[in-house]
Amino acid sequence: MSEIAVTLIKVLFLAMLWIFILSVASVIRSDMFGRAVPAGDLPQPELAEAPKSGKRLRRRDRGHPQRFGITNGVQAGTTADLADGTVLIGRSADCQLILEDDYVSTRHARVVAGDSGFYVEDLGSTNGTYVNGQRITQPTTIGLADTVRIGRTIMRLEV
């Protein structure tokens, strides 16, 4: 092989190596800091209809969860209001409950109000979401007695 061909192969190999290194750095950066999302592209939570009778509202005020809060972890005592019907949990700035935990994804999980109560859903996180010590793979109903663990942080519904 001529010297020009060997030099050309070396330069192409070096260029491919740098492209690989930069793409890995980009993936790591987006995982650590999230990606910028324009406000217009953010999903809008569906607003629940107002109750038709005052009875239902009063019953909910007495015994149904109003907040989703951190019970154990560095941020113990932090809560998110469930009035909108959805609480997004993760490290991203657009989450309602931002967790400062190395084991939490940018958008890790969400708690949603459904017809039969509240349920938690893992959003494809790397380290998983656990309800009462069991890793969940599909939306799972939770109540006041249930604990949700994401990374090293333990949370639960609060009245």
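Is Asp84 buried, partly exposed or exposed in this predicted model? Asp84 is partly exposed, with a relative accessible area of 45%; the label applies because buried means under 20% relative accessible area, exposed over 50%, and partly exposed in between, computed with a 1.4 Å probe and protein chains only.

The model is predicted, so that local features need pLDDT of at least 70 and side-chain atom pairs count only at pLDDT 80 or more, while totals for chains, interfaces and linings use all residues. Residues are numbered from 1 along each chain as its sequence is written, and side-chain values use heavy atoms, with hydrogens and water left out.

**Figure 1. Overview of the protein.** The protein has two helices and 11 strands. Helices (H or I, at least four residues) and strands (E, at least two) are DSSP runs, numbered from the N terminus. Along the sequence, the pattern reads α-α-β-β-β-β-β-β-β-β-β-β-β. Of the 159 residues, 27% are buried. Among contacts (heavy atoms within 4.5 Å) with a separation of 6 or more, 37% are between residues 24 or more positions apart. The protein exposes about 11,200 Å², of which carbon and sulfur atoms supply 56%; accessible areas come from the Shrake-Rupley method with a 1.4 Å probe, and for residues only the protein chains shown count as cover.

**Figure 2. The loop that holds Asp84.** Asp84 lies in the loop between strand E2 (79–81) and strand E3 (86–90). Val112 is 28 residues away from Asp84 along the chain, and the C-alpha atoms of the two are separated by 9.1 Å.

**Figure 3. The open sheet of five strands.** The strand order is E4-E3-E5-E6-E9, with mixed pairing. Strand E4 (97–98) and strand E9 (140–142) stand at the edges, each with a single partner strand, so one side of each is left without a neighbour in the sheet. Two strands are said to pair if DSSP finds at least two bridges between them. In general, strands of a sheet pair through backbone hydrogen bonds, either parallel or antiparallel. Strand E5 (residues 109–114) and strand E6 (residues 117–122) are antiparallel and share six bridges, with Ala109 opposite Asp122 in E6. E3 and E5 are also paired in the antiparallel sense, over four bridges, and Leu88 stands opposite Arg110 in E5. By contrast, E3 and E4 pair in the parallel sense over two bridges; here Ile89 stands opposite Leu97 in E4.

**Figure 4. The open sheet of six strands.** This sheet has the order E2-E1-E11-E10-E7-E8, with antiparallel pairing. E2 and strand E8 (134–135) stand at the edges, and each has a single partner strand, so one side of each is left without a neighbour in the sheet. Strand E1 (residues 67–72) is joined by five bridges to strand E11 (residues 153–158), and the two run antiparallel. Arg67 stands opposite Glu158 in E11, and Phe68 stands opposite Leu157 in E11. Three bridges join E1 to E2, where Phe68 faces Ala80 as its opposite residue and Gly69 stands opposite Thr79.

**Figure 5. Two hairpins and their glycines.** The hairpin of E1 and E2 has six residues between the strands, and in it Gly73 takes a positive phi near 135 degrees. Strand E10 (residues 148–150) pairs with E11 in the antiparallel sense over three bridges, and Arg149 stands opposite Ile154 in E11. The hairpin of E10 and E11 has two residues between the strands, and Gly151 takes a positive phi near 65 degrees.

**Figure 6. The largest nonpolar core and Ile89.** A nonpolar core is a set of buried Ala, Val, Leu, Ile, Met, Phe, Trp, Tyr and Cys residues joined through side-chain atoms within 4.5 Å. The largest one has 20 residues, and those with the most contacts inside it are Phe68, Ile89, Leu97, Val111, Ile142 and Met155. The elements that give two or more residues to this core are E1, E3, E5, E6, E10 and E11. E3 is mostly covered, with four of its five residues buried. Leaving aside neighbours within four places in sequence, Ile89 is in contact with residues including Phe68, Leu97, Val111, Ile150 and Met155.
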